[in-house]
Amino acid sequence: MIDIDGYRPNVGIVLLNADGRLFWARRVNRDGWQFPQGGMRSDETPLEAMYRELEEETGLAAHHVEVIGVTRGWLRYRLPSRYVRHHQHPTCIGQKQVWFLLRLVGSEEALRLDACEKPEFDHWRWVDFWYPAAHVVNFKRQVYERALRHFAPLVEALLSVQLGDLPHREGPGTGDTPRKGAATA
């Protein structure tokens, strides 16, 4: 499903653990790390798409998480020209996304990257809040920064922490050792 402007409706998921760290996953057979995300079906609301994508990509069900926040309107990014399939019609030039902030309320043992027939991720880890904005592929960076800025006050209030005003922080403690997918993650 592509809109009239060439954007594919999509949902993005920021998953927060009890320590205020975020779920960060590596795409199967690629070097790229990202948040879970995926396209919406024409018969789905953003919330329905989010729960479907959450289960497909992480193995988590609705009872494993609590919805803390949602971005208003669509956050858009354009694909680099090399990723645009100009021979397909309608042509998708990018994604328009609604982002959800979720808190993990179940055990992290429920995380399963092999929950669907064709997994999207092969490793995952918990990272500091601003880490993804500095380490996602460049064409998604602005959307990640906007989503994280939107969610920062909610996380600060929820966890009584100060995340700072910078779009990202780097240094020691920004990432843990990656964990292999599946139930052993």
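User: What makes Leu47, Val67 and Val70 a nonpolar surface patch?
Analyst: In this predicted model, Leu47, Val67 and Val70 together make a nonpolar surface patch of about 200 Å². Patches are made of residues with over 30% relative accessible area and no salt bridge, and nonpolar side chains are joined within 5 Å. Val67 has a relative accessibility of 32%, which is over the 30% that a patch requires. Val67 belongs to strand E5, residues 65–70.

User: Why is Val67 called partly exposed?
Analyst: Partly exposed is the class between under 20% (buried) and over 50% (exposed). Val67 stands at 32% relative accessibility, so it is partly exposed.

User: How do you know whether Thr58 is buried or exposed?
Analyst: Buried means under 20% relative accessible area. Thr58 has 0% relative accessibility and therefore counts as buried. Thr58 sits in helix H1, which covers residues 46–58.

User: What does Thr58 contact, leaving aside its neighbours within four places in sequence?
Analyst: A contact requires heavy atoms within 4.5 Å. With those neighbours left aside, Thr58 is in contact with Phe23, Pro36, Glu53, Ala110, Leu111, Arg112 and Leu113.

User: Why is the pair Asp3 and Arg76 called a salt bridge?
Analyst: A salt bridge needs a side-chain nitrogen of Lys or Arg within 4 Å of a carboxyl oxygen of Asp or Glu. The closest N and O atoms of Asp3 and Arg76 are 3.9 Å apart, so the pair meets the 4 Å limit. It links distant parts of the chain: Asp3 is in the segment before strand E1 (7–16), Arg76 is in strand E6 (residues 75–78), and the two are 73 residues apart. At 16% relative accessibility Asp3 counts as buried, whereas Arg76, with 36%, is partly exposed.

User: What makes Arg26 and Asp122 a salt bridge?
Analyst: Their side chains meet at 2.9 Å, N to O, which falls within the 4 Å limit. Arg26 belongs to strand E2 (residues 22–27) and Asp122 to strand E8 (residues 121–127), 96 residues apart. Arg26 has 22% relative accessibility and so counts as partly exposed. Asp122 has a relative accessible area of 14% and is therefore buried.

User: How do you know that Arg27 and Glu120 form a salt bridge?
Analyst: The N to O distance between the Arg27 and Glu120 side chains is 3.6 Å, and the limit is 4 Å. The pair links distant parts of the chain, with Arg27 in strand E2 and Glu120 in the loop between strand E7 (94–104) and E8, 93 residues apart. Arg27 is partly exposed at 22% relative accessibility, and Glu120 is partly exposed at 29%.

User: How many salt bridges does a search of the whole structure find?
Analyst: The search finds 11 salt bridges. Arg41, Glu44, Arg52, Glu53 and Glu56 are linked in a network of salt bridges.

User: Where does UniProt place the Nudix box?
Analyst: The UniProt record, an unreviewed entry, puts this short sequence motif at residues 38–59. Such annotations may be inferred rather than shown by experiment. In the model, the span 38–59 is 59% helix and 9% strand, and its end C-alpha atoms lie 14 Å apart.

User: Why is Asn29 called exposed?
Analyst: Exposed means over 50% relative accessible area. Asn29 has 72%, so it is exposed. Asn29 lies in the loop between E2 and strand E3 (33–34). Although not a glycine, Asn29 has a positive phi of about 60°.

User: What makes the peptide bond between His89 and Pro90 a cis bond?
Analyst: Omega is about 0° for the cis peptide bond that joins His89 and Pro90. Pro90 is in the loop between E6 and E7.

User: How many helices and strands does the chain have?
Analyst: The chain has 3 helices and 9 strands. From the N terminus on, they run β-β-β-β-α-β-β-β-β-α-α-β. Of its 185 residues, 47% count as buried.

Conventions
Residues are numbered from 1 along each chain as its sequence is written. This is a predicted model: local features need pLDDT of at least 70, side-chain atom pairs count only at pLDDT 80 or more; totals for chains, interfaces and linings use all residues. Side-chain values use heavy atoms; hydrogens and water are left out. Patches are made of residues with over 30% relative accessible area and no salt bridge: like charges are joined within 9 Å, nonpolar side chains (Val, Leu, Ile, Met, Phe, Trp, Tyr) within 5 Å. Accessible areas come from the Shrake-Rupley method with a 1.4 Å probe; for residues, only the protein chains shown count as cover. Helices (H or I, at least four residues) and strands (E, at least two) are DSSP runs, numbered from the N terminus. Buried means under 20% relative accessible area, exposed over 50%, partly exposed in between (1.4 Å probe, protein chains only).
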